[in-house]
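Subject: Handing over a model

Hi there,

Here is the structure I promised to pass on to you. Please open it alongside this email, and my notes follow below.

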Amino acid sequence: VQTLSNQMMKRVMSQPFAYFGLAWCYFGSATPFGVYLSAILIACGFVNYLFPLSFLHGHSTVTDFGDISQHISGWWYYMQEPWHLPLLHTYKLDHPDGVSIAFTDSIPLAALFFKFLITLLPNAFPAHFHYFGWWVGFVFVAQAVAATFFIRALGAKSWFAMLIAVGFALTWPVLHARYHHSALMTQSIILFGLAFYWLGQKRTWTSQRASVALVGLNVVALMVHPYYLAMTLSLFIAFLVDQILKKESWLLQLWRLLSLLLLLGSLIWLLGYTRHSAYDALGYGDNGYGNDFFLNLLEPFCGGGKLITCGEGPEYVFPYRESFNYLGAGLLLLIPVALFSNRHHLLTLLKHSPALTALLLGFFLYAISNKIRFGNTEIFSYALPSWTATLTGTFRAAGRFFWPISLFVLYLTLASLLKKRSWLISLILVTALVMQIKDVKPWLLRIQAESAKPSTLNFKEWETVMTHVDKVMVYPIHECPPLHYQHNIWIMRLAGYYGKQINSG
């Protein structure tokens, strides 16, 4: 009955989205409001195509394993916790000390929002509600809006530009490689950050307006995932440096930076981020920076898609490793076209935004790590000084720092071609988008199949046992041993479902 209901709902919803979305693109997108509404409708249609309602409600086998199962457990503990300071702390998980659910990647921004709603309307939500399926749906809507905003900031404001930008945003390979990790899917944060920077740097916005927008984005990044904070904070500093180079007061930039740091420091204390360390002792050694999760120089060009594949190594097995940074066949077609058609302006970015250029270069050098590889060949390696251990231990998934670079390349490429206003360029753009969609289609089909499978976890069969349990004791406590990872995740999930204390996590 559930399957039949989902199929009927999908059939009923898909046609209105398609017809109304097309009609709006033709008749309503002349205004900015129409453009953004069109982008939202397209994203909603895409979410409706990709995921059944059961997945959005959180009832899918995808939520049974790995990272997302841990995220749900952290939220369940927090949902049952009374309000107190620090705001995100729960004492039942990792009892008796407790832990901030920022460390379970439970998306603090969403957790605070839904905990407030549940406090206000306690009967409006089911007993074991979680928002991670809905957040995945929200990610695609936010991605479409951010892509539209960024492409317009870059000067391409037609409805055709919106369609191309949104099409690439929704089929971005790196996004689909991480649908099991809702927080890391929120790459719209990067797009908005790049857009705010660009608007301020090109004087479309005043530097004050751009600074305020970037400050707000840093707060959002902190409350979604710390990796995004590292990216947006770096982008904010680059913006301030570029403003100084444009002869704006360095005292003003220093004041802006200190204001942001004070705000972030207050929030970090208020939310309880300081009670544990994010430093990974293994980050400097095995399984850490330079040994895993780095950017392989072959990765942007090989992704195991339908049109381009370079092997069957572990990095091409779905779901993908952190090193996965494939650009897609469509973008790989457009990059040489954009380079050739803009060959006389290739140094423009370096001239007008030197700090941003330096930042993206820094991200690239960090992403490839100290062991530079091309495919299975190690090109060059060097030893890191010991003082870098805290940085590389905290941000050991170095390959993620290629995301701002690849997204900037994507939209700079699109904007440079969209502004040509040539029928041949338009045809190439459409062809590239079709190629991008065709290339990622196998992943979309896999996601459809996986997300439609019902959850196999049966918490009810443990009800008699768990009524007699006050605290679950795990020995040894969890330290990410590969053979026991899912076992620990299951115990943590079960204890969270019944609201029992657990000494691990």
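First, the ground rules. This is a predicted model, in which local features need pLDDT of at least 70 and side-chain atom pairs count only at pLDDT 80 or more, while totals for chains, interfaces and linings use all residues. Residues are numbered from 1 along each chain as its sequence is written, and side-chain values use heavy atoms, with hydrogens and water left out.

**Aromatic rings**

I counted 39 aromatic pairs. Rings of Phe, Tyr and Trp (its six-membered ring) pair if their centres lie within 6.5 Å; planes under 30 degrees apart are stacked, over 60 edge-to-face, and the rest tilted. F363 and F401 make a tilted pair, because their planes stand at 50 degrees, with the ring centres 5.6 Å apart. This pair links distant parts of the chain, 38 residues apart: F363 belongs to helix 15 (residues 354–368), and F401 to the loop between helix 16 (389–394) and helix 17 (403–418). Helices (H or I, at least four residues) and strands (E, at least two) are DSSP runs, numbered from the N terminus.

Both F363 and F401 are buried. Buried means under 20% relative accessible area, exposed over 50%, and partly exposed in between (1.4 Å probe, protein chains only). F380 and Y382 form another tilted pair, 6.0 Å centre to centre with 35 degrees between the planes. Here F380 is partly exposed at 47% relative accessibility, and Y382 is partly exposed at 36%.

Ring pairs also join W75, Y78, F113, F114, F125, F129, Y131 and F132 into a cluster. One of those rings has a charge over it: K115 lies over the face of Y78, 4.9 Å from the ring centre. Elsewhere, the charged end of R400 sits over the ring of Y227, at 4.4 Å from its centre. The rule asks for NZ of Lys or CZ of Arg within 6 Å of the ring centre and within 35 degrees of the ring normal.

**Backbone details**

Two peptide bonds to look at are cis: L85 to P86, with omega near -10 degrees, and H95 to P96, with omega near 10 degrees. P96 lies in the loop between strand 1 and strand 2 (99–100). D94 is placed in that loop too, and its phi is near 60 degrees, a positive value in a residue other than glycine. I107 likewise has a positive phi, near 55 degrees, and is buried with a relative accessible area of 0%.

Helix 9 (residues 188–201) has 14 residues and reaches 20 Å from first to last C-alpha, close to the 20 Å expected; the expected span is 1.5 Å times one less than the number of residues. It is largely enclosed by the rest of the structure, because 13 of its 14 residues are buried. Just after helix 9, R203 takes a positive phi of about 65 degrees.

Which elements each supply at least two residues of the lining of the largest cavity? They are helix 9, helix 11 (226–245) and helix 15. The lining includes I189, G193, M231, L356 and P404, as well as F363.

Happy browsing, and do send me your thoughts!

Notes:
On a 1 Å grid over the protein atoms alone, a cavity is a set of points where a 1.4 Å probe fits but cannot get out, and a pocket is an open set with protein on both sides within 12 Å along at least five of seven lines; lining residues have an atom within 4 Å of a point.
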